[in-house]
Amino acid sequence: MEPRLLTIFLVALSFSPFVQSLVRHYKFSVVLKNTTKLCSTKSFVTVNGQFPGPTLYAREDDTVIVRVTNHVKYNITIHWHGIKQFRNGWSDGPAFVTQCPIQPGQSFVYNFTIAGQRGTLLWHAHITWLRATVHGGIVILPKRGLSYPFPKPDKEKIIVLSEWWKSDVEAVLNQAENSGLPPNISDAHTINGRTGPVPGCTSQGYTLHVESGKTYLLRIINAALNDELFFKIAGHKLTVVEADASYVKPFERDTIFMSPGQTTNVLLTANQGVGKYLIAVTPFMDAPIGFDNVTAIATLRYKGTPPYPKTTLITIPALNATPLTTGFVDSLRSLNSKEYPARVPLTIDHSLFFAITVGVNPCDTCLSGTKLVSAINNITFLLPTTSLLEAHYYNMKGVFTDDFPAKPPIVFNYTGTQPTNIQTNNGTRLYRLSFNSTVQIILQGTAMIAPENHPFHLHGYNFFVVGQGLGNFDPEKDPLSFNLVDPVERNTIGVPNGGWAAIRFRANNPGVWFLHCHLEVHTTWGLKMAFIVDNGNGPHESSLPPPYDLPKC
């Protein structure tokens, strides 16, 4: 075939209904950008000069190739939050877990195939606190020829929620690490990069444009560093159809609740009178700690709305609206249909109990002589100076041990009277899982120093949330009420304040996979660990070899 005809044939084939998957290429340039928000100007780190960053679009079974080039003074990595990265931890992104960072002036190509997933996820930096501004959406469309398991929307919109600091975020982190105390809270929340008007500073907010009678799929992403958030539109109901890129049984609410790292797809029908309606994003906090209490304001505006209309206002949820959050979380159920079954492990090989604590350790370099830390089973996790995945793959000695404790070293009244000794042990200790083994983790919150919600994210997997409750987990009574039929499938779960969450998954993805609190302040303090999942039988159950351009430490 002549070269010209071959080119025409290949182009035509790429648009053919017989082509089920494509290779999609993106270029991410990590650069500084100057901007003014809250009447204050600063330089901050972005991808391609955008905040939020560019949205990745793909279909299920597509391969995505992203070349990331670092043009700033900081080291960088990118994590594709919720992408399972089957056998391919090299593209997962957490610094010193699956890769060494991309150093200034260097590049790395992330190459991954999206298998068995569709919906909304996010990408973000996964080193220090750079994800405050280095983040964006991932939209995975169904395979060609397949429709959504809900009414097809007329249009789709991406809504990214985040936090904003007037100060340089890396300076905020450094100050906290030098003092040993909690970091300064953010100055505002943002909706698609805009704060809207705040006290003392007039600022234009985001506008969601709609047409009467049309239905919109809103892909909502909580990219905030440390804040759980409510999302609400005046006068409109929202039908929840997906959570963390997993379809759920539809249910209607006027308020959406999301922890950092979580995504929620909702259907919005423009069925109210032509006009302008307030959109509010507010924090949820039911613990006695400092937090950003600034409401982000946006507007929904109907086509045909006259200039300078009156805005329909909203009643925002109470800051400590725990019944609202509990009701929302309890309503999430997997479809568990023939097309989208809920394959919940019914027998368990590894039954783990992880107590989540905050402690105080000595610190010679801190101004106070001590520092706040956090731990799982009294282990404050320390990252090594090389990547754990490389150490595992090449069998390097002295980088980590595989003796992470399956339960706390002492049993105590986790949500009641706390031990007097609140010092933790440092360690780079991993937990080893055989391929295809089944795992149950009880994530138990505690009252040590200050009880708080903890959104936990597991890399490389989805899991089923089979149970949640308040107080101490009861191993005799609580499993009797586990939902093993249609539990929600997620990659990030909020452990309730003074309570527990039970998750299950099958360890069928070999590699090293991070589990950590998605409140960045707690990750910094050491609230993290990692699993080693051994290879199975043959190459299709074994980790791929590392790419040639994997960054060096």
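Q: What makes strand β1 and strand β4 a pair?
A: Two strands pair if DSSP finds at least two bridges between them. In this predicted model, where local features need pLDDT of at least 70, side-chain atom pairs count only at pLDDT 80 or more, and totals for chains, interfaces and linings use all residues, the next values apply. β1 (residues 23–37) and β4 (residues 63–70) have eight bridges, so they meet the rule. Their sense is parallel, and Lys-27 has Arg-67 of β4 as its bridge partner. Strands here are DSSP runs of E, at least two residues, numbered from the N terminus. Residues are numbered from 1 along each chain as its sequence is written, and side-chain values use heavy atoms, with hydrogens and water left out.

Q: In which sense do β1 and strand β2 pair?
A: β1 and β2 (residues 40–47) run antiparallel, again over eight bridges. Leu-32 stands opposite Val-45 in β2. The two strands form a hairpin with two residues between them. In that turn, Leu-38 has a positive phi of about 55°.

Q: How do you know that a disulfide joins Cys-39 to Cys-201?
A: A disulfide is a pair of cysteine sulfur atoms within 2.5 Å. For Cys-39 and Cys-201 the S to S distance is 2.1 Å, so the pair qualifies. It links distant parts of the chain: Cys-39 is in the loop between β1 and β2, and Cys-201 is in the loop between β10 (188–191) and β11 (207–210), 162 residues apart. The link is right-handed, with 95° about the S-S bond.

Q: Are Cys-39 and Cys-201 buried or exposed?
A: Buried means under 20% relative accessible area, exposed over 50%, and partly exposed in between (1.4 Å probe, protein chains only). Cys-39 has 57% and therefore counts as exposed. Cys-201 has 9%, so it is buried.

Q: Why is the disulfide of Cys-100 and Cys-553 given its handedness?
A: The torsion about its S-S bond is about -95°, which makes it left-handed. The sulfur atoms of Cys-100 and Cys-553 are 1.9 Å apart. Cys-100 is in the loop between β5 (78–81) and β6 (107–113), and Cys-553 is in the segment after β33 (528–533), 453 residues apart. Cys-100 is buried because its relative accessible area is 2%.

Q: What is the handedness of the disulfide of Cys-363 and Cys-366?
A: It is right-handed, because the torsion about the S-S bond is about 70°. The sulfur atoms are 2.1 Å apart. Both Cys-363 and Cys-366 are buried.

Q: Which pattern do the disulfides follow?
A: The structure holds three disulfides. With bonded cysteines counted along the chain, they follow 1-3, 2-6, 4-5.

Q: How many cavities of 30 Å³ or more are there?
A: There are two. A cavity is a set of points on a 1 Å grid over the protein atoms alone where a 1.4 Å probe fits but cannot get out; lining residues have an atom within 4 Å of a point.

Q: Which residues line the largest cavity?
A: Its lining comprises Asn-226, Glu-228, Phe-284, Met-285, Asp-286, Glu-452, Asn-453 and Leu-519. They divide into three nonpolar, two polar and three charged. The lining of the second largest cavity includes Arg-118, Tyr-148 and Glu-242, and has five nonpolar, two polar and three charged residues.

Notes. Helices (H or I, at least four residues) and strands (E, at least two) are DSSP runs, numbered from the N terminus. On a 1 Å grid over the protein atoms alone, a cavity is a set of points where a 1.4 Å probe fits but cannot get out, and a pocket is an open set with protein on both sides within 12 Å along at least five of seven lines; lining residues have an atom within 4 Å of a point. Grid points are joined across faces, edges and corners, and a volume is the space filled by probe spheres set on the points. Ala, Val, Leu, Ile, Met, Phe, Trp, Tyr, Cys and Pro count as nonpolar, Asp, Glu, Lys and Arg as charged, and the others, Gly among them, as polar.
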